[in-house]
Amino acid sequence: MGAWGHNSFENDTAGDWIWGLKTAKKSLLGKVKSPFAYPMSAIDKLLKSDLYIDAPEGEEAIAAAECLAAAQGNPPSDPPEELEKWLASLNGNRPDPEMLDRAKQALLKVRNDEQSEIRELWQESEYFKEWQASIDGLITRLS
């Protein structure tokens, strides 16, 4: 696991994933295209899987949930620059309650499921409780 800390963006996968987060753009009709499509695709991919959850899939879903929490007005303490740019482009758009619920479900699956590789990896480390606490904090920030 390429991680240097237990927080959501303190791993290589989340660092790579965040580069795909694009600023909100308007359509030709002046409406903002859904800026939440990219984060929701990572969350929904994890939720649809009934198989073993590979660590990168879990790390991407966690990063995606961070984006939704930040859009709710509850960003992480040290957000990456890409997240800050994305937030500035939202112009007040917020994720709907269903998106937030799906993000919470994904986090609970990553945190609690015996088929979660990232959970297994953190369980084997001395920082398992800190990782669990960071996931719990993120779930709270999604509320």
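## Packing of α2 against α3

In this predicted model, helix α2 passes helix α3 in a left-handed crossing. The axes of α2 (residues 37-48) and α3 (residues 55-71) come within 8 Å and cross at roughly 135 degrees, and the two helices are therefore oblique to each other.

On the α2 side, the contact is made by P39, M40, A42, I43, K45 and L46, which meet E57, G58, E60, A61, A64, A65, C67 and L68 of α3.

## The aromatic pair F36 and W86

The count of aromatic pairs in the model comes to four. One of them joins F36 and W86, whose ring centres are 5.8 Å apart and whose planes stand at 85 degrees, so the pair is edge-to-face, the angle being over 60 degrees.

This pair links distant parts of the chain, since F36 lies in the loop between α1 (12-17) and α2, whereas W86 belongs to helix α4 (residues 81-89), 50 residues apart. F36 is buried, with a relative accessible area of 5%, and W86, at 0% relative accessibility, likewise counts as buried.

## The tryptophan pair and its cluster

W122 and W131 form a stacked aromatic pair, with 6.3 Å from centre to centre and 10 degrees between the planes. Both of these tryptophans are buried, and together with F128 they form one aromatic cluster.

Methods. Residues numbered from 1 in each chain as written. Predicted model: local features only at pLDDT ≥ 70, side-chain atom pairs only at ≥ 80, totals over all residues. Heavy atoms only, no water. Axes fitted to C-alpha atoms, helices over the stretch in contact; angles between N-to-C directions. Helix = DSSP H or I, 4+ residues; strand = E, 2+ residues; numbered from the N terminus. Parallel < 35°, antiparallel > 145°, perpendicular 65-115°, else oblique. Left-handed = near helix turned anticlockwise from the far one by under 90°. Contact = heavy atoms within 4.5 Å. Phe/Tyr/Trp six-rings, centres within 6.5 Å; stacked < 30°, edge-to-face > 60°. Buried < 20%, exposed > 50% of the residue type's maximum accessible area, 1.4 Å probe, protein only.
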